[in-house]
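These are my notebook entries on a structure that I looked up.

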Amino acid sequence: MEYEDRTIRFPANLLTKARSLKQESESLNDLVVVALESFSRQRKVLAAHQRIVARSADVKAKNCIQPASTDTIPNLREGK
């Protein structure tokens, strides 16, 4: 992985919390990289979920909600 140097300012309490969460063998930089990768994946998943929900709503609006067939099937079997 290629790295690029940046200066980032964190709120003091967040930096203290991050330092307490990292493992001894892990650098603060490693912790931030892992956290950003995880956050990026979560954002992508959330965006995909929102697209699915929106598409589902569009399909329901266009096709109307079909009635449940749980009552119809037994009636058809009984010849009603």
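Entry 1. I checked the length of helix α2, residues 28-63: at 1.5 Å a residue its 36 residues should span 52 Å, and its end C-alpha atoms are 52 Å apart, which agrees. The expected span is 1.5 Å times one less than the number of residues. Helices are DSSP runs of H or I with at least four residues, numbered from the N terminus. Just after α2, I found Cys64 with a positive phi of about 60°.

Entry 2. I noted the basis of the work: the model is predicted, local features need pLDDT of at least 70, side-chain atom pairs count only at pLDDT 80 or more, and totals for chains, interfaces and linings use all residues. Residues are numbered from 1 along each chain as its sequence is written, and side-chain values use heavy atoms, with hydrogens and water left out.

Entry 3. I looked up salt bridges (a side-chain nitrogen of Lys or Arg within 4 Å of a carboxyl oxygen of Asp or Glu). The count comes to 1. Arg6 and Glu4 form a salt bridge through their side chains, at 2.3 Å from N to O. Arg6 is exposed at 63% relative accessible area, and Glu4 is exposed at 57%. Here buried means under 20%, exposed over 50%, and partly exposed in between, with a 1.4 Å probe and protein chains only.

Entry 4. I then turned to Phe10, which lies in the segment before α1 (12-21). Phe10 is partly exposed, with a relative accessible area of 37%.

Notes: Helices (H or I, at least four residues) and strands (E, at least two) are DSSP runs, numbered from the N terminus.
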